[in-house]
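Work through these exercises with the model open beside you. Try each task before you read its solution.

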Amino acid sequence: MTDSHKGGRQSAEAPGKRALMDAAIRLAASSRCISSLGLRELAREATLNPNTFYRHFRNMDDLGLQLLREGNDRLRGPLRALRRQAAEQSMVDDTTDSTKEAALRGRRVAQQTVKLYFDYVLEHRDSVVIAGRELHGPSELLRAELRQQMNGFADDMAEDIQALGLAPQNTSTGRIKQIATLLSRNLFHLSLDYIAEPERRNTILELAHEQIIMLFAGASLLQ
């Protein structure tokens, strides 16, 4: 971790910075991008002097970047930990067909981590909605950050699938990365529907599970 990243985490503890970040989430959660917020508007929402902003951020893009990274840090580690825990719980007798069992275990583990992901989505719905908007927003910096984060989640998933033996035997590294990339992106887009349509949450969760089954089944057939 770089010193600047450490410094960012330390300064995030400052009450003024936290107030500004929380205010930005409240203002942008309904229908706006971070870059469209006004400095005085933001300071007023945070009940701070406008000059306080520049003690913590270079500009609105910098604020948005730190918000996105905070959410990424909050979710990435727990997802990997749950994936490992689910893999251990899914171990079965070695006498079973190893290829079929690896695919089955992979699906079970992915399905269990989906629940954690959607729980996070509901707990931090405003931040997730903002991320969805920024993915297609005017700031190239924030769009690039979100693409990088989705690639990071996919890399974690692919690494865990290989390390934990969750794919059919002889599945190539490239194929595993394809599965992980598709899951990472599909789950993000489904999460926006999960927030917006509470009456369909069970259906959306089942759809996420079906996509996992299809991807792992396809990987098995392509061996």
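Predicted model: local features only at pLDDT ≥ 70, side-chain atom pairs only at ≥ 80, totals over all residues.

Residues are numbered from 1 along each chain as its sequence is written, and side-chain values use heavy atoms, with hydrogens and water left out.

**Exercise 1. The whole chain**

Task: Find how many helices and strands the protein chain has, and what share of its residues is buried.

Solution. 
- Step 1: Count the elements. The protein chain has 10 helices and 0 strands. Helices (H or I, at least four residues) and strands (E, at least two) are DSSP runs, numbered from the N terminus.
- Step 2: Read the order. Along the sequence the pattern is α-α-α-α-α-α-α-α-α-α.
- Step 3: Check burial. Of the 223 residues, 43% count as buried. Buried means under 20% relative accessible area, exposed over 50%, and partly exposed in between (1.4 Å probe, protein chains only).
- Step 4: Look at sequence separation. Take contacts between residues at least 6 apart in sequence: 69% of them join residues at least 24 apart. Contact means heavy atoms within 4.5 Å.

**Exercise 2. Helix α8 and its partners**

Task: Describe α8, then state how α8 packs with α9 and with α5.

Solution. 
- Step 1: Know what to look for. Two packed helices are described by the angle between their axes and the distance between the axes. Axes are lines fitted to C-alpha atoms, for helices over the stretch in contact, and angles run from 0 to 180 degrees between N-to-C directions.
- Step 2: α8 has 24 residues and spans 34 Å from first C-alpha to last, close to the 34 Å expected at 1.5 Å a residue. The expected span is 1.5 Å times one less than the number of residues. Glycine 165 follows α8, with a positive phi near 65°.
- Step 3: Pair α8 (residues 140-163) with α9 (residues 173-196). The angle is about 130°, and the axes are 8 Å apart. The two helices are therefore oblique to each other. Angles under 35 degrees count as roughly parallel, over 145 as roughly antiparallel, 65 to 115 as roughly perpendicular and the rest as oblique.
- Step 4: α8 and α9 cross in a right-handed way. A crossing is left-handed if the near helix is turned anticlockwise from the far one by less than a right angle, and right-handed if clockwise.
- Step 5: Sort the residues of this contact. There are 10 nonpolar, 5 polar and 4 charged. Ala, Val, Leu, Ile, Met, Phe, Trp, Tyr, Cys and Pro count as nonpolar, Asp, Glu, Lys and Arg as charged, and the others, Gly among them, as polar.
- Step 6: Pair α8 with α5 (residues 60-89). Their axes come within 10 Å and cross at roughly 10°. That makes α5 roughly parallel to α8. Their contact has 9 nonpolar, 4 polar and 10 charged residues.

**Exercise 3. A second crossing**

Task: State how α2 and α7 cross, and which residues make the contact.

Solution. 
- Step 1: Read the geometry. The axes of α2 (residues 15-28) and α7 (residues 125-134) come within 9 Å and cross at roughly 70°.
- Step 2: Name the arrangement. α2 is roughly perpendicular to α7, and the crossing is left-handed.
- Step 3: List the residues. Ala24, Ile25 and Ala28 of α2 meet Asp126, Ser127, Ile130 and Arg133 of α7. By class, they are 4 nonpolar, 1 polar and 2 charged.

**Exercise 4. Single residues**

Task: Decide whether alanine 158, phenylalanine 53 and threonine 47 are buried or exposed.

Solution. 
- Step 1: Alanine 158 lies in α8. Its relative accessible area is 8%, so alanine 158 is buried. Beyond four places in sequence, alanine 158 contacts Ile176, Lys177 and Ala180.
- Step 2: Phenylalanine 53 sits in α4. At 2% relative accessibility, phenylalanine 53 is buried. Beyond four places in sequence, its contacts include Leu20, Leu39 and Leu63.
- Step 3: Threonine 47 is in the loop between α3 (39-46) and α4 (53-56). At 69% relative accessibility, threonine 47 is exposed. Its phi is near 55°, a positive value in a residue other than glycine.
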